[in-house]
Amino acid sequence: THIAEIYIFGHSISDQGCKAISDSVRECKHIQSLFIGGDLITDNGAAMIASAVKCCPNITSLLVDGSSISDAGAKSIAEAVKINNCLESIYISSLKISGSGVDAFGDVIRNLPNIQTFMIRGDRIMKEDVKYCLKNLLPMGMKIRIA
């Protein structure tokens, strides 16, 4: 299947929805943009999306927005994107992500050859985490947004 973009957002998307999306994405090897958001997505859903990302080497843009994703979910996604040399932009947003979730992306982001934009949002991100990103990622000329 030659689907290039998937955008799925909804307040009631849950981990079960992520599993269905993940199973479908694995069949679409040419996906370039994967944007998924739902208030009920937890770390399990993030892990399912991460496993799908590993199967799609052509993804250039990834957005995962789930208010129940914590650092464990962020780490799953970071681990998945480290093998993707096409990624240009990564957007991760959740109320439960802290500095540990930010740290998971540090080395990964620096080693992605085409990355231009990295945005991570979490209510538990502290000033020290922002300093880390500015020190380690900004010199690469990348657009960074931490909220």
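A: Phe105 is buried, since its relative accessible area is 0%; buried means under 20% relative accessible area, exposed means over 50%, and partly exposed lies in between, with a 1.4 Å probe and protein chains only. The model is a predicted one, in which local features need pLDDT of at least 70 and side-chain atom pairs count only at pLDDT 80 or more, while totals for chains, interfaces and linings use all residues. Residues are numbered from 1 along each chain as its sequence is written, and side-chain values use heavy atoms, with hydrogens and water left out.

Ala78 belongs to helix α3; helices (H or I, at least four residues) and strands (E, at least two) are DSSP runs, numbered from the N terminus. With a relative accessibility of 2%, Ala78 also counts as buried.

The axes of α3 and α4 are 8 Å apart and meet at an angle of about 10°. The two helices are therefore roughly parallel. Here an axis is a line fitted to C-alpha atoms, for helices over the stretch in contact, and angles run from 0 to 180 degrees between N-to-C directions. Angles under 35 degrees count as roughly parallel, over 145 as roughly antiparallel, 65 to 115 as roughly perpendicular, and the rest as oblique. On the α3 side, Asp71, Ala74, Lys75, Ile77, Ala78 and Val81 take part, and they meet Ser100, Gly101, Ala104, Phe105 and Val108 of α4. By class, the contact of α3 with α4 divides into 7 nonpolar, 2 polar and 2 charged residues. In this scheme Ala, Val, Leu, Ile, Met, Phe, Trp, Tyr, Cys and Pro are nonpolar, Asp, Glu, Lys and Arg are charged, and the others, Gly among them, are polar.

Within α3, the buried residues are Asp71, Gly73, Ala74, Ile77, Ala78, Ala80 and Val81. Their cover includes α2, α4 and the strands β3 (61–65) and β4 (89–93).

On to α2: helix α2 (residues 43–54) packs against helix α3 (residues 71–81) at an angle of about 0°, with 8 Å between the axes. The two are thus roughly parallel. From α2, Asp43, Ala46, Ala47, Ala50, Val53 and Lys54 meet Ala72, Gly73, Ser76, Ile77, Glu79, Ala80 and Val81 of α3. This contact of α2 with α3 has 8 nonpolar, 2 polar and 3 charged residues.

Helix α1 (residues 15–25) packs with α2 at an angle of about 5°, their axes being 8 Å apart. Hence α1 and α2 are roughly parallel to each other. Asp15, Cys18, Lys19, Ile21, Ser22 and Val25 of α1 make the contact with Asn44, Gly45, Met48, Ile49, Ser51 and Ala52 of α2. The contact of α1 with α2 counts 6 nonpolar, 4 polar and 2 charged residues. Cys18 is buried, with a relative accessible area of 0%.

The aromatic rings come next. The structure holds 2 aromatic pairs. In one of them, Tyr7 and Phe35 have ring centres 4.7 Å apart and planes at 85°, so the pair is edge-to-face. Rings of Phe, Tyr and Trp (its six-membered ring) pair if their centres lie within 6.5 Å; planes under 30 degrees apart count as stacked, over 60 as edge-to-face and the rest as tilted. Because Tyr7 lies in strand β1 (residues 5–9) and Phe35 in strand β2 (residues 33–37), this pair ties together parts that are 28 residues apart in sequence. Tyr7 is partly exposed at 45% relative accessibility, whereas Phe35 is buried at 16%. Phe105 and Phe118 form a tilted aromatic pair, 5.3 Å from centre to centre, with 45° between the planes. The pair links distant parts of the chain, 13 residues apart: Phe105 in helix α4 (residues 99–110) and Phe118 in strand β5 (residues 117–121). Phe118 is buried as well, at 1% relative accessibility.

The chain as a whole has 5 helices and 6 strands, which run β-α-β-α-β-α-β-α-β-α-β from the N terminus on. Of its 147 residues, 46% are buried.

Terms used. Contact = heavy atoms within 4.5 Å.
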